[in-house]
Amino acid sequence: MTVRALVIDDSRAMRRIVTGILGDLGYETRQAGHGQEALDVLHEGWAPDLCTIDWNMPVMDGLQFVHAVRANPDWRTVSLVMVTSESEHGQIVRALAAGAHEYVIKPFTADALRDKLALLGLLPEEVAL
Amino acid sequence: MTHVTGTGPRRRASDRSPSITTLIDTATVQEITEQAWLALVGEDEVLVPLPAPVPADALSAWVEILGPWNGSVVLTCGRDTAHELTRALLGEHAPEVLEDEDVDDALGELANVVGGNVKAVLPGPSVLGLPEVGVTPPPGHEADTCRVDVLWRGSPLTVRVQSVPAERENEVPL
Amino acid sequence: MTLTTTRFDWVRQLVHRESAIVLAPGKEYLVEARLLPVARTMGLTDVDQLVDTVRGRPHPDDTRRIVEALTTNETSWFRDGDPFTALTSTVLPSLTAARGPAERLQIWSAACSSGQEAYTIAMLLEDALPNAASRVSITATDISREMVERTRAGRFSQLEVNRGLPAPMLVRHFTRAGSEWEVSPALRRMVSARECNLAAPLPRMGPFDVVYLRNVLIYFDLPTKQAILRRVRELMRPDGWLFLGAAETTLGVDDSWSRVVVGRSSAYRPLKGA
């Protein structure tokens, strides 16, 4: 059973890095450069199990994307993990209150991302059990 | 009472934001930059605090911070260094040929990472702008800048946390 | 100065044996960088000297320092999960029933390192119990003075708090301090840190209701493991709970414990009359 991840970040370098880490963990991945592109992917019918979400992006930022996903009951099983350099205490609170499930602060290591996904029970090897 | 002119409301002199040097020190900026390098560039990377002139063909990436303190966080290094940095950042995912676009994007993301963490040390809440990259970074307030100069793999790299220049102090970004 | 191949190989084998972590060739620079401070702490001038000294005269404290310096990125919060969630799901209810609500429970984080384990326990209890600091006390010990001071300070870098700490707990229990994150006063009230050498007669502490002795017995030979378990048991209540590391067991070491399954991990309880 494949576990799907949508990597959302306006930086191509960061998308490459995160996609690489998730690919190594066994995810099937797609990418989007901002919140609106990501919503388009969801509307297409490609339902991810996980979205990694940068905060600051053009057109639609990560927080707006989180609000949009959580407002749609069809997408209630999608796990939302912020991956961002935004790390003010109040911002982490805001993201979690908006419905993000976890928060990874940049800079992060592959192990740190893996740890957070393990906390959510989202690692492909676990999902397969 | 504020006086409205053609360019919009202005702040009074008494509303000038605090000096950056009272809000953050070079050791903290160094620590933030090191953590970024260790996690994203390589766990055995070393940033040696050592001032050295940045080459003439330097490239800069910066992010604006708008809040109780206004200014930018600017990363500057030589173009060759920026290429090497991009390769190191992308690791096994680096394309064979690096376009300028790839280098701008990588340097911009590093500015975003360092800038976001610097912002979290400063009084908030603040807004972080999207990264910009170019040959000419925005001017800063020379006397109100926190500057860290390091050598990465022997090449100079500068991180500046700079307040808006004196002439722009009285403007309030809308 | 680069590490010779034989010295690097010795370090690699040590690390693999003690932690199952593989140090690939090409990581000599990392080993040099991480072990130089360890050498200096021991009054030696460089890593070559450190390797030669420890090789010639192996001592668990020294090998432990070396392994920890090279594997510190393994230090995470809620390591392996169950031994901590078991605290609120199983251990605490059982102990409160046995003791009564007025008695203060004592927990020991032995080999606390920089404090993640002790504060993990503190966070769980703070969330589970009203006025936790009056109900539980956590003693955190380590052989290293530096680690004890770090635990007391309760400050962690941004990279450290990224490792397995659920974000809701981060915002509930930490505030920012410069570029670091600091535990709340409530957590700090629950934890007291002190130096302690497990391989020597222990200071008067406890008696403990729960002991976390995780991933430290591996550094010692069998007789010392047995001595440590015996000394730990002496500081525990007869109906106390002991948690070891995920790959560790008392089986074959000390048969005066009974094993209890808790979630996907195990706990060990002193056997009556043993």
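Predicted model: local features only at pLDDT ≥ 70, side-chain atom pairs only at ≥ 80, totals over all residues.
Ten of the 13 residues of α6(C) are buried, so the helix is largely enclosed by the rest of the structure. Among the buried residues are C:Q116, C:E117, C:Y119, C:I121, C:M123 and C:L125.

**The open sheet of chain A.** Five strands with parallel pairing form an open sheet in the order β2-β1-β3-β4-β5 (chain A). Strands β2 (27-32) and β5 (102-105) of chain A stand at the edges, and because each has a single partner strand, one side of each is left without a neighbour in the sheet. From one strand to the next, the twist averages 20°.

**Strand β1 of chain A, its pairing with β2(A), and helix α1.** Strand β1 (residues 3-8) of chain A pairs with β2(A) in the parallel sense over six bridges, and A:Y27 in β2(A) is the bridge partner of A:V3. Helix α1 (residues 12-25) of chain A packs on the sheet, where it touches β1, β2, β3 (50-53) and β4 (79-84) of chain A, and its direction makes about 165° with that of β2(A).

Residue A:D54 lies in the loop between β3 and α3 (62-70) of chain A, and an unreviewed UniProt entry annotates A:D54 as "modified residue: 4-aspartylphosphate". With 28 C-beta neighbours inside 10 Å, A:D54 counts as buried. Not counting residues up to four places away in sequence, A:D54 touches A:I8, A:D9, A:D10, A:M14, A:G62, A:V83 and A:T84.

Methods:
Residues numbered from 1 in each chain as written. Chains lettered and ligands numbered in written order. Pairing = 2+ DSSP bridges. Helix = DSSP H or I, 4+ residues; strand = E, 2+ residues; numbered from the N terminus. Axes fitted to C-alpha atoms, helices over the stretch in contact; angles between N-to-C directions. Contact = placed C-beta atoms within 7 Å. Buried ≥ 20, exposed ≤ 12 C-beta atoms within 10 Å, placed from the backbone. UniProt positions renumbered as here; feature names shortened; annotations may be inferred.
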